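Hello,

Here is the structure I promised to hand over. Please have a look when you get the chance; my notes come just below.

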Amino acid sequence: MSGVLGIAGYVLREAASRKFILAFLLGVTGVLVTLSLSLRIEVVDGALAASRLFGEVIDTDIRALDVALKPVFMAAAAVVFYGGILFGIVSCSDFAPSLLSPGRIEHLLALPLRRWHILAGTFVGVMTLAVFGALYGSVGLVLIFGVKTGYWTVGPVIAALLACVSFAAVYAVMLTTATLIRSAALCAALGGITLVGGIIAGFRTKIAPFIEEGLSRELFKGVTLMLPRLSSLAKAGMDLAASTPLGVQSLPMLLMGVFVFGLGVLAVGFWWFEGRDY
Amino acid sequence: MPAIEVIGLRKTYRRAFRQGHEALRGVDLSVPEGSAFGLIGPNGAGKTTFIKSILGIVQPTEGTVRVLGGSPEDPSIRARIGYLPERLHLPGSWVAPTFLATVASLKGQKPDKAANLRLLERVGLADALGRRIGGYSKGMRQRLGLAAALLGNPALLILDEPTDGIDPMGRVEVRRLLQEEVQRGTTLFLNSHLLAETERLCDRVAILGDGKVLREGRLEELARGGARWAVRFAPGADAGALAGAGFTAAEGSEGLYHVEAADAAGLNAALDKARAAGALLVELKRDGQDLEAVLASAMGVAA
């Protein structure tokens with residue numbers, strides 16, 4: 001286990017030295033600080049009486065606070081989910097290819113580590129980064145709105161964690177791709193395809209009737225059946241963030257689907273990596 | 001117990017839709033513990049594949065590999081090996097102490113900042129501790145790689161072109177450092193295209209060509225110069241008297257003679273006879289082949 005954590009630390013150190021990841025953290029911090037300084041909310045008897053952004057009055061009706069904040073938290077959950085995964089795909093695409101590069105992988109394989117430690121460590125390192133980023137943004141948002149309105153909810157934090165679960169499935173594809181072909185561009189491309197496929201898979205029952213009946217429809221159903229239903233998970237995250245009833249039938253089943261998909265893809269990567277020469 | 005024992009090692013790189021490439025064709029090699037062993041051979045001879053095979057980086061198609069009495073797949077065995085790859089890729093944005101601390105932790109060693117700093121000083125990087133590795137010269141990177149290989153006092157050092165990119169003075173320093181390691185009892189396995197360096201550092205050498213070991217043994221045995229000496233006398237020496245003492249004149253070089261002597265006593269007896277005949281000795285050296293000639297002749301055999 002120490003080998004896995006050691007590689008995870010290696011990945012995190014590598015991440016800490018990358019300017020765009022630091023820029024992302026600074027950007028999130030900037031948004032949170034700007035929001036906390038520029039947004040003024042007045043709450044009277046649990047209702048949103050008035051709110052000002054950069055000193056300008058936001059023209060809204062007086063509404064119950066939780067109702068008024070629903071669209072804000074839903075939008076934030078959507079941004080964290082899709083924006084976070086997209087940023088993760090771009091920013092983490094070259095961690096594995098870089099670790100597997102000639103001259104580095106030989107050095108790592110000659111250290112007293114098991115081969116699977118290297119892949120598992122990379123996965124753990126990237127996911128630590130994703131969880132930290134997601135928690136940093138979502139907890140910051142909850143704190144700002146909590147302090148300003150007195151309305152506390154863990155919904156946005158749970159939504160951010162669901163985004164991380166979805167990113168885990170996407171990154172499993174990217175990591176496995178890196179073991180097959182060491183290319184950051186290809187890793188990012190397949191990560192993007194998985195995200196798009198995952199969005200389509202979430203709407204598969206709605207899209208299927210638009211496809212001609214027969215082989216093509218069955219093919220579509222078959223392919224999308226294998227993919228994690230990321231858009232459904234995003235919807236669930238938005239509902240949880242806004243504390244509204246879940247639109248999806250079963251969140252545990254959705255999570256199980258993502259877990260099985262990610263584990264299956266990772267198993268292929270681990271198997272291939274074990275037998276590969278460098 | 002040999003530090004490295006390889007029997008019938010074969011490695012064929014298989015490629016989809018293309019013919020496979022046989023890099024190693026049945027290599028048998030034994031590296032004694034505590035020796036300084038050099039592996040030489042032309043490009044494409046299979047040297048790097050051999051090194052990767054004994055580290056478990058490349059999986060042999062056939063044959064057995066035992067390193068330090070165990071399998072190279074065993075992490076506890078690899079923990080006792082220090083390895084410097086041919087083209088070490090280092091994280092450019094890190095500083096040397098961070099890199100070394102990370103490698104030490106991956107090797108399962110306890111954090112020891114002072115020991116790491118001493119090691120960096122030993123390889124000549126004391127003045128570059130705060131600089132990013134990305135700004136290092138090739139030689140400095142090699143030194144850092146060497147420091148990483150030396151972490152934890154390994155029992156076996158496997159170095160692939162360790163002085164590549166290092167300036168001549170730096171090479172002397174690296175050589176001294178490696179000699180210290182060998183004196184300490186470390187087995188050194190060196191792959192270098194600099195034959196002079198291999199000659200100075202190693203006591204045993206194997207020549208790899210076309211995926212096979214062509215020659216292997218102690219350097220003196222390979223050079224085959226044990227009994228033959230080249231002697232230069234000052235001009236005016238009596239050629240007849242020298243011939244009578246066992247000296248044969250070399251063609252094209254005035255005053256240069258060859259003499260066969262099985263040991264030091266025989267050599268001195270011949271020299272005494274020459275001096276008694278009035279010849280003045282100005283130069284004496286063993287008339288053996290250098291490693292380059294040994295390699296060339298071995299490759300001739302291979303062809």
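Predicted model: local features only at pLDDT ≥ 70, side-chain atom pairs only at ≥ 80, totals over all residues.

Let me start with helix 1 of chain B, which covers residues 47-55. Of its 9 residues, 9 are buried, so the helix is largely enclosed by the rest of the structure. The buried set runs from B:Lys47, B:Thr48 and B:Thr49 through B:Phe50, B:Ile51 and B:Lys52 to B:Ser53, B:Ile54 and B:Leu55. Just after this helix comes B:Gly56, with a positive phi of about 80°.

Next, the sheet. Chain B has an open sheet of 4 strands in the order 11-12-10-13, and the pairing is antiparallel. Strand 11 (248-249) and strand 13 (281-286) are its edge strands, each pairing on one side only. Strand 10 (residues 228-233) and strand 12 (residues 256-260) are joined by 5 bridges in the antiparallel sense.

Last, a glycine. B:Gly26 sits in strand 2 (residues 18-31) of chain B. Is this residue buried, exposed or something in between? B:Gly26 has 14 other C-beta atoms within 10 Å, so it counts as partly exposed; the buried class would need 20 or more, and the exposed class 12 or fewer. Beyond its neighbours within four places in sequence, B:Gly26 is in contact with B:Gly8, B:Leu9, B:Arg10 and B:Lys212. The C-alpha atom of B:Leu84, 58 residues apart from B:Gly26 along the chain, is separated from that of B:Gly26 by 25 Å.

Best wishes

Notes
Residues numbered from 1 in each chain as written. Chains lettered and ligands numbered in written order. Helix = DSSP H or I, 4+ residues; strand = E, 2+ residues; numbered from the N terminus. Pairing = 2+ DSSP bridges. Contact = placed C-beta atoms within 7 Å.
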